[in-house]
Amino acid sequence: MAMNNDNILEVRDLRISFGTYAGEVQAVRGVSFDLRRRETLAIVGESGSGKSVTAKSLMRLLPEANTIFKGGEAIFDGRDLLKLSEKQMQRVRGPKIAMVFQDPMTSLDPTMKVGNQISESLRKHLGMSRAKARERSVELLKLVGIPNAEERVKQYPHQFSGGMRQRVVIAIALACEPQILIADEPTTALDVTIQAQILDLLRELQEKIGTSVILITHDLGVVASVADRIAVMYAGKIVEMGTVRETFYDPQMPYTWGLLASIPLPTADRSQDLIPIPGSPPDMSDPPKGCPFTARCPYAMRVCPTEFPEYTTFSAEHKAACWLHHPMAPNVEPPARVGGTR
Ligand code: SF4
């Protein structure tokens, strides 16, 4: 399968549903994006936007019993990840594409010393000897900033703080120097100072190892300093995509404006700054035909609930789906709190 050589992964028209008692829930509805070599792409959206389902589908970690794969492809290394057998996926998952989850304890075995957990991956995927894997485990703990690594390899996960445990998980994920690291809300369970440290670490390691990173988060505020590009997801669709600069300084649709307005400003009285988006996302067992943000959008027009808008392109990287860009739409400026201009 031919790929643009700048890309490590190409996702096209991904569509995934879940079978539930309430009927079919359409979690991902035609998502397409490229992941470039050595970049960090942030996929941002509220809970239920389809961002984690998208990420887990690439690792084939969705529950088989109720996942309904409706279509699309995810080309990595010339092969469609979505069509690989479980045996083939086992050679991809870990050594080639690794994942870090929100709660480090879901990835760590509480009964096993952390050094053994790192060594296991090195021995299994890279065929290292026990001694070499042990030595490399210490190096990896140092690489992720764990002090006294020679002693710490002999300890169990419960002897580490939450932030340190997430560092161990990152060490395991990067042990085989994967081509892609998917980090799904890697800092959500951590306090703010530790969050920043983990994000800085991810950025530093991404530059050092050359891994491409997909960073999944509900918090647009955390991606500014670590991501190269941002895809904003809402109700199973990418509604805006651009570089970090374009998304922060020239956002082009009301949902992105809402996300930006809900980022706390670094001022004394934060309660004055934070403007949450009113309302809640649509019921995905019966998603709206048109723009899914209609019910919450202060700028909604008659066309919005009936037809999903085409993407409007603003630069080589920047596009957004919103009827406000139709030539006949009224000219609307983003709220002052957001700061961008249309
Ligand atoms: Fe709002 Fe309509 Fe744009 Fe959707 S398409 S974000 S409802 S203006």
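Me: In which helix is the place of Tyr255?

Reply: Tyr255 has its place in helix H10. The model is a predicted one, and the values that follow are computed from it.

Me: Why does Tyr255 count as buried?

Reply: The relative accessibility of Tyr255 is 0%. Buried means under 20%, so Tyr255 is put in that class.

Me: How far apart are the C-alpha atoms of Tyr255 and Gln166?

Reply: They are separated by 31 Å, and the two residues are 89 residues apart along the chain.

Me: How many aromatic pairs does the count come to?

Reply: The count comes to four aromatic pairs. One of them joins Tyr234 and Tyr255, with 4.5 Å from centre to centre and 50° between the planes.

Me: What makes the pair of Tyr234 and Tyr255 tilted?

Reply: Ring centres must lie within 6.5 Å to pair, and these lie at 4.5 Å. Stacked planes are under 30 degrees apart and edge-to-face planes over 60. The angle here is 50°, so by the cut-offs the pair falls in the remaining class, tilted.

Me: Why is the pair of Tyr234 and Tyr255 said to tie together parts that are apart in sequence?

Reply: Tyr234 belongs to strand S9 (residues 229–234) and Tyr255 to helix H10 (residues 254–261), so the pair links parts 21 residues apart in sequence. Both Tyr234 and Tyr255 are buried.

Me: What makes the pair of Tyr255 and Phe293 edge-to-face?

Reply: The planes of Tyr255 and Phe293 make an angle of 65°, and the centres are 5.2 Å apart. An angle over 60 degrees counts as edge-to-face, so the pair gets that name. Tyr255 lies in helix H10 and Phe293 in the loop between H10 and strand S11 (311–313), so this pair ties together parts that are 38 residues apart in sequence. Phe293 is buried, as is Tyr255.

Me: Which residues form one aromatic cluster?

Reply: Tyr234, Tyr255 and Phe293 form it.

Me: Which residues surround the ligand?

Reply: Phe293 is one of them, and the others include Met253, Pro254, Cys291, Thr294, Tyr299 and Trp323. The shell has 11 nonpolar residues, one polar residue and no charged residues. The ligand itself sits in the largest cavity.

Me: How do you know that the ligand sits in the cavity?

Reply: A molecule is placed in a cavity if more than half of its atoms lie within 2 Å of the grid points. The ligand is assigned to the largest cavity by that rule.

Me: What makes Arg152 count as lying over the face of Phe160?

Reply: Arg152 is at 4.2 Å from the ring centre of Phe160, and the cut-off is 6 Å. Lys237 likewise lies over the face of Phe308, at 4.4 Å from the ring centre. The rule also asks for a position within 35 degrees of the ring normal.

Me: Why is Asn148 called exposed?

Reply: Asn148 has 52% relative accessibility, and exposed means over 50%, so Asn148 counts as exposed. Asn148 lies in the loop between helix H5 (130–143) and helix H6 (149–152). Asn148 is not a glycine, yet its phi is positive, at about 55°.

Me: Why is Ala235 called buried?

Reply: The relative accessible area of Ala235 is 3%, and the limit for buried is under 20%, so Ala235 is buried. Ala235 also has a positive phi, near 50°, in a residue other than glycine. The loop between S9 and strand S10 (237–243) holds Ala235.

Me: Why is Val25 called partly exposed?

Reply: Val25 has a relative accessible area of 24%. Buried ends under 20% and exposed begins over 50%, so Val25 falls in between and is partly exposed. Val25 lies in strand S2 (residues 23–36). Its C-alpha atom is separated by 20 Å from that of His218, 193 residues apart along the chain.

Me: Why does Val114 count as buried?

Reply: Val114 is at 0% relative accessibility, and buried means under 20%, so Val114 is buried. Val114 lies in helix H4 (residues 114–126). The C-alpha atoms of Val114 and Tyr21 are separated by 41 Å.

Me: Why does Ile198 count as buried?

Reply: Ile198 is at 0% relative accessibility, so Ile198 is buried. Ile198 lies in helix H8 (residues 192–209).

Note on methods:
Residues numbered from 1 in each chain as written. Predicted model: local features only at pLDDT ≥ 70, side-chain atom pairs only at ≥ 80, totals over all residues. Heavy atoms only, no water. Near = heavy atom within 4 Å. 1 Å grid on protein atoms, 1.4 Å probe; cavity = no way out; pocket = protein on both sides within 12 Å on 5 of 7 lines; lining within 4 Å. Nonpolar A, V, L, I, M, F, W, Y, C, P; charged D, E, K, R; others polar. Phe/Tyr/Trp six-rings, centres within 6.5 Å; stacked < 30°, edge-to-face > 60°. Helix = DSSP H or I, 4+ residues; strand = E, 2+ residues; numbered from the N terminus. Buried < 20%, exposed > 50% of the residue type's maximum accessible area, 1.4 Å probe, protein only.
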